[in-house]
Amino acid sequence: MGLRYDAGKVITAMVTPLNEDLSINFKQVEKLTQHLIDNGSDAVLVAGTTGESPTLTHEEELELLKTVKSVTGNKAKVIMGAGSNCTLTACEQSKKVEKIGVDAILSVVPYYNKPSQEGLIQHFTNIAKSVDLPILLYNIPGRTGINMLPQTIATIAEKNKNIFAVKQSNADLEQVSEIKIKSPSDFSVYCGDDSLTLPMLSLGARGVVSVASHIIGNEIQDMVRLFFEGKVEEATKLHLKLYPTFKKIFMVSNPVPIKAALAKKGLINEFV
């Protein structure tokens with residue numbers, strides 16, 4: 001059986017370049033988007049956690065999306081962060097994004113509220129019914145305060161065919177195994193932590209939603225390709241080579257280190 005939707009193997013969770021007054025620097029958004037397309041990104045994720053979505057207005061997010069789309073064209077897929085801890089807000093923002101035009105949306109587990117597992121099923125089912133877009137779930141317990149369990153993910157996937165995958169930002173590899181066992185065979189798992197990409201691939205993950213790919217996108221793409229070609233030893237050697245970079249990028253809260261690295265390369269303003 002094929003995939004419900006193929007978002008590619010390396011999705012870059014793009015930072016949002018800012019000016020000193022904290023407005024979006026759209027010129028640098030264009031420059032960075034082109035850089036990502038040219039350096040290993042199959043898809044660009046706009047206004048995710050790395051894109052500092054909690055600090056952007058919904059209007060800014062939509063303008064950001066339009067700018068990224070103007071650069072990507074058909075050269076890369078565009079996924080938009082459209083989640084919220086308010087179900088109605090998430091549905092409305094998803095509808096607006098769909099009207100603008102986007103390949104898929106990312107929808108995060110409701111943060112702060114700490115809903116029950118049944119509450120998560122209802123939340124994502126409502127979002128799935130509000131749009132026709134492919135939806136990537138986002139499970140990141142360290143940021144949301146709640147872990148979406150494998151059976152919950154499987155139930156959501158069974159009920160909603162346009163929910164095609166989960167971004168799993170959780171170091172519990174046993175959970176990845178359980179998701180793969182319990183979920184439909186056409187449902188995908190994406191690694192949400194760069195350093196765990198290769199281990200998760202070995203458990204059946206499709207690819208990675210990466211931060212490190214801002215600066216080593218081609219190398220990550222090579223690692224994933226080598227794995228799927230059956231050249232696991234070579235993929236492992238590349239993983240070990242990249243591992244120190246993976247760890248440095250998360251030495252303090254994301255996206256501070258990756259923005260510092262991009263500033264050093266002259267791709268965005270320093271500190272913003």
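## Structural briefing: fold, cores and local backbone features

Of the contacts (heavy atoms within 4.5 Å) in the chain between residues at least 6 apart in sequence, 73% join residues at least 24 apart. The model is predicted: local features need pLDDT of at least 70, side-chain atom pairs count only at pLDDT 80 or more, and totals for chains, interfaces and linings use all residues. Residues are numbered from 1 along each chain as its sequence is written, and side-chain values use heavy atoms, with hydrogens and water left out.

**Overall architecture**

- The chain contains eleven helices and eight strands; helices (H or I, at least four residues) and strands (E, at least two) are DSSP runs, numbered from the N terminus.
- A compact globule of 272 residues would have a radius of gyration near 19 Å, and the 17 Å of the chain agrees with this. The radius is taken over C-alpha atoms, and the globule rule is 2.2 Å times the number of residues to the power 0.38.
- The C-alpha trace spans about 45 × 45 × 35 Å along its principal axes.

**Surface and charge**

- Of the 272 residues in the chain, 56% are buried; buried means under 20% relative accessible area, exposed over 50%, and partly exposed in between (1.4 Å probe, protein chains only).
- The chain carries 29 positive and 29 negative charges, whose mean positions are 2 Å apart. Lys and Arg count as positive and Asp and Glu as negative, while His and the chain ends are not counted; each charge is placed at NZ of Lys, CZ of Arg, CG of Asp or CD of Glu.

**Nonpolar cores**

- The largest nonpolar core has 70 residues, and those with the most contacts inside it are I105, F124, L137, M148 and I220. Such a core is a set of buried Ala, Val, Leu, Ile, Met, Phe, Trp, Tyr and Cys residues joined through side-chain atoms within 4.5 Å.
- Helix α9 (residues 213-228) gives the most to this core, contributing six residues.
- A second, separate core of 17 residues includes A104, L136, Y190 and V209.
- Beyond its neighbours within four places in sequence, I105 has contacts that include I79, M80, V97, I127, L133 and L136.

- P255 lies in the loop between α10 (232-249) and α11 (256-264), and the peptide bond from N254 to P255 is cis, with omega near 15°.
- In α11, the buried residues are P257, I258, K259, L262 and A263; these residues pack against α1 (26-38), α9 and α10.

**Loop residues**

- E52, found in the loop between β2 (43-46) and α2 (58-72), has a positive phi of about 60° although it is not a glycine.
- K114, in the loop between β4 (104-108) and α4 (117-130), likewise is not a glycine and has a positive phi of about 55°. K114 is exposed, with a relative accessible area of 57%.
- A171 lies in the loop between β6 (163-168) and α7 (173-182) and is exposed, with a relative accessible area of 58%.
- A171 and E219 are 48 residues apart along the chain, and their C-alpha atoms are separated by 22 Å.
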